[in-house]
Amino acid sequence: MIFNFRHTQKIQFEQYENLTQQREKYLADGNPPVCFTDFDLQEVRKRGEQIGSFTRRQLYFFQGDMFGAGTETSTHTILFAIMFLASDQFRELQTRLQAEIEAECGDDPPTLDHKLTLLRATVMEVQRLRPVTPQVTHV
């Protein structure tokens with residue numbers, strides 16, 4: 001089967017359009033802008049869509065870039081966390097993290113509502129040791 005780029009792009013643009021319409025409704029309800037899409041939509045309202053790069057299509061590309069960057073950041077952090085935690089040096093930390101998750105979450109999956117201070121500190125330390133920005137490392 002040949003990869004159909006135009007079809008894939010059409011599906012992505014439909015998803016971005018749904019997101020954009022949700023943000024337009026949010027702003028129309030009188031809410032303040034809170035994300036890049038909101039600020040872009042406000043700027044389009046001020047300037048008009050055909051000025052510079054303030055077009056709907058360009059907004060879709062920005063949204064895709066940000067989604068990709070967020071995905072890359074998460075993937076990078078998770079992979080390095082697994083690598084660190086799999087080493088003998090961090091065996092005790094694995095045990096402590098598991099105990100914290102079980103104590104705070106019970107049988108429920110962890111969510112952002114859980115405190116999980118050790119887990120959060122571990123993620124921050126992984127990002128300090130192996131930042132997602134290229135060629136910057138700390139020891």
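Me: What covers the buried residues of H3?
Reply: Keeping in mind that this is a predicted model, the cover over the buried residues of H3 includes H1, H2 (36–47), H4 and H5. The buried residues themselves are Arg 56, Leu 59, Tyr 60, Gln 63, Gly 64, Thr 77, Ala 81, Phe 84 and Leu 85.

Me: And how many residues does H3 have?
Reply: H3 has 31 residues, and from its first C-alpha to its last it reaches 45 Å, which is close to the 45 Å expected at 1.5 Å a residue.

Me: You mentioned H1. At roughly what angle do the axes of H1 and H3 cross?
Reply: The axes of H1 (residues 5–28) and H3 cross at roughly 100°, and they come within 10 Å. That makes H1 roughly perpendicular to H3, since angles from 65 to 115 degrees are counted that way.

Me: Which residues meet there?
Reply: On the H1 side they include Phe 13, Tyr 16 and Leu 19, and on the H3 side they include Leu 59, Tyr 60 and Phe 61. Of the H3 residues in this contact, Leu 59 and Tyr 60 are among those buried in that helix.

Me: Switching to H5, which residues are buried in it?
Reply: In H5, the buried residues are Leu 118, Thr 122, Val 126 and Leu 129. Looking down the axis of H5, these buried residues fall within an arc of 80°, so they line one face of the helix. They pack against H3 (56–86) and H4 (91–105).

Me: How far apart are the end C-alpha atoms of H5?
Reply: They are 18 Å apart, which agrees with the span of 18 Å that the 13 residues of H5 (residues 117–129) should have at 1.5 Å a residue.

Me: Is Leu 116 buried or exposed?
Reply: Leu 116 is buried, because its relative accessible area is 4%, and the cut-off for buried is under 20%.

Me: Last topic, cysteines. How many disulfides does the structure hold?
Reply: The structure holds zero disulfides. As background, a disulfide is a covalent bond between the sulfur atoms of two cysteines.

How values were computed. Residues are numbered from 1 along each chain as its sequence is written. This is a predicted model: local features need pLDDT of at least 70, side-chain atom pairs count only at pLDDT 80 or more; totals for chains, interfaces and linings use all residues. Side-chain values use heavy atoms; hydrogens and water are left out. Helices (H or I, at least four residues) and strands (E, at least two) are DSSP runs, numbered from the N terminus. The expected span of a helix is 1.5 Å times one less than its number of residues. Buried means under 20% relative accessible area, exposed over 50%, partly exposed in between (1.4 Å probe, protein chains only). The arc is that of the directions from the helix axis to the C-beta atoms. Contact means heavy atoms within 4.5 Å. A disulfide is a pair of cysteine sulfur atoms within 2.5 Å. Axes are lines fitted to C-alpha atoms, for helices over the stretch in contact, and angles run from 0 to 180 degrees between N-to-C directions. Angles under 35 degrees count as roughly parallel, over 145 as roughly antiparallel, 65 to 115 as roughly perpendicular and the rest as oblique.
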